[in-house]
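Here are some short notes for someone opening this model for the first time. They go point by point and can be checked against the structure as shown.

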Amino acid sequence: SAGAGSYKTYDTELFKSHKFDDAQIIVFGKAFNTSGYRDQSWSHQKSSGMMVKKDFSGQDSLGLRLFASDGESSLPGAISLNDARINPRQAQYPGAYTPLNSHQISAIIFGEKHLSNSTDFVLETGIKKKDYSYQNYSSWGPGYYSTSYEAKNIFLSPRLKIKDFISPKNKLVLGLDISNWERFNNCVRGTHTCLHSTSLPNGYNGKGSQNSYAAYIKNEYDISSKDILILGARLEEAKNTSGDDYWGNQTSKHNMHALEAQYQRKLSTTSLIYFKAGKNYRLPNVDNVIGAAYNISVAWPILKPQTSNDYEVGLTGNLLSSKYSVTAFYSSIKNEIIYDPTANNGWAGNINLEGTERKGIEASISKKIDLFSLKTFAQIIDTKNTKGAYVGKKVPGVAEYLYGLNIEFAPTSNQILAFDTRVIDGQYAQSDFLNTEKMKSYSVSNFRYIYKTKGFTSTLSVNNIFDKNYWDTAVYDSYSGITVYPSPRRNIYLNIKYLM
């Protein structure tokens, strides 16, 4: 496939799959280039990969997945609300740019061994590496500092799947997750110093690592033809180490567990109701830890694990030739890990919120009427801090409601005209923990025309057809107030895909 559109955007993509008698190979590649909607927001990205899988006698298989990507882009930065209303395309520092280079590679081996009529062994193991380099050009002068980091993840995940365990219609899964994460940071002084500029005027090196060992069990039991009970548990031990040339190393160790219970009941051949309850956790990974909030007089703190008690009830099914789904949920969270762009004296980082809760309802319904296909969805969510310095305040960066509508019209078997719109409620900007100013709600609509003929599929997209000036992301700090990252105004894109 190949495509081109507004802002000098163009891309190409190749995907080829071939299946032999007992093997399969897939190769793909993609290139993407754009000058960007905003000034100094260009991007050049390339990626490629392959998958090879060999089937042996019975149900045994062994495969390999490879992936690599290379990218270079410029970051235009956030601008004030007033600047965004006057000229949303301008960069934070006109005439300057901030290049970001990134590279990623991964190699994953996967396989499955059929041990018996009821037992299968599944294995996935591999390595993932990525590195980024960042050079900041601004009104302070070219290259006033540069940073880079390298990260590596090695993992091993064996699983044992057993059908009819102890009794018929009982499925058991046992598994392990073993991983090692490492990350190294580097900051080099340019015309301006890095962090800790007093003691380390020429720059500094930071590092972080995480070793984790987890075991889990999941059991699914068909109580009857209509009732299913699912139980699960996970135990994990993780050790984090982080530090830099200024503070040295700090180490923390966490022993966590998660539990889940779910009951499903078939109300008819097309409808289902379920109830789910669980205790879950999120361990801060090495990226979270090495970017934890600190200041020049306090050492890097180790982020606390995030834990939550979660409850959910849902209903899905078909009614009068319509598909529907309704879900209600509630979560009580302790030590929620959240990104704060104003932490670290404005250098950004992750922090823990002492106590928060989230509750809400999600619903969707879709229906086909002659040549039309309709789908509508809505979400209402209430979030607030229940403990700590921001008790009673909303969690920033979360919209209280959103809803949308998708309409497709197929006048012929090879043509589709599609329209979609979404409305998103205003929310408090990231870091606005005191709920200083709520942003306005906005709506965005898009149009697509699809035409198929003789192996070709052509798609013409008109995005933001009403040319709205809006932004999905905003940041608050007491000095600058709200700054935003404007989203593209009306733009077009044409893609042509050929299937051999």
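**Notes on the predicted model**

1. The structure is a predicted model.

2. Leucine 402 belongs to strand S19, which covers residues 401-412. Leaving out residues up to four places away in sequence, leucine 402 touches Phe377, Ala378, Gln379, Val423 and Ile424.

3. Serine 445 is found in strand S21, residues 442-453. Is serine 445 buried or exposed? Its relative accessibility is 6%, so serine 445 counts as buried, the cut-off being under 20%.

4. The side chain of serine 445 makes a polar contact of 2.8 Å with the side chain of threonine 421. Beyond four places away in sequence, serine 445 touches Phe419, Asp420, Thr421, Asn463, Asn464, Ile465 and Phe466.

5. The largest nonpolar core has ten residues: Ile79, Leu81, Ala84, Ala429, Met439, Trp471, Ala474, Tyr476, Ile482 and Val484. At least two residues of this core come from each of helix H1 (81-86), strand S23 (471-477) and strand S24 (481-486). S23 gives the largest share, three residues.

6. Isoleucine 482, one of the residues of that core, touches Ile79, Ser80, Leu81, Ala429, Glu437, Met439, Ala474, Val475 and Tyr476, not counting residues up to four places away in sequence. Another core, of nine residues, lies apart from this one and includes Ile351, Leu353, Val395 and Val398.

How values were computed: Residues are numbered from 1 along each chain as its sequence is written. This is a predicted model: local features need pLDDT of at least 70, side-chain atom pairs count only at pLDDT 80 or more; totals for chains, interfaces and linings use all residues. Side-chain values use heavy atoms; hydrogens and water are left out. Helices (H or I, at least four residues) and strands (E, at least two) are DSSP runs, numbered from the N terminus. Buried means under 20% relative accessible area, exposed over 50%, partly exposed in between (1.4 Å probe, protein chains only). A polar contact is a pair of N or O atoms within 3.5 Å; within protein, one must be able to donate a hydrogen and the other to accept it, and residues adjacent in sequence count only if both atoms are side-chain atoms. Contact means heavy atoms within 4.5 Å. A nonpolar core is a set of buried Ala, Val, Leu, Ile, Met, Phe, Trp, Tyr and Cys residues joined through side-chain atoms within 4.5 Å.
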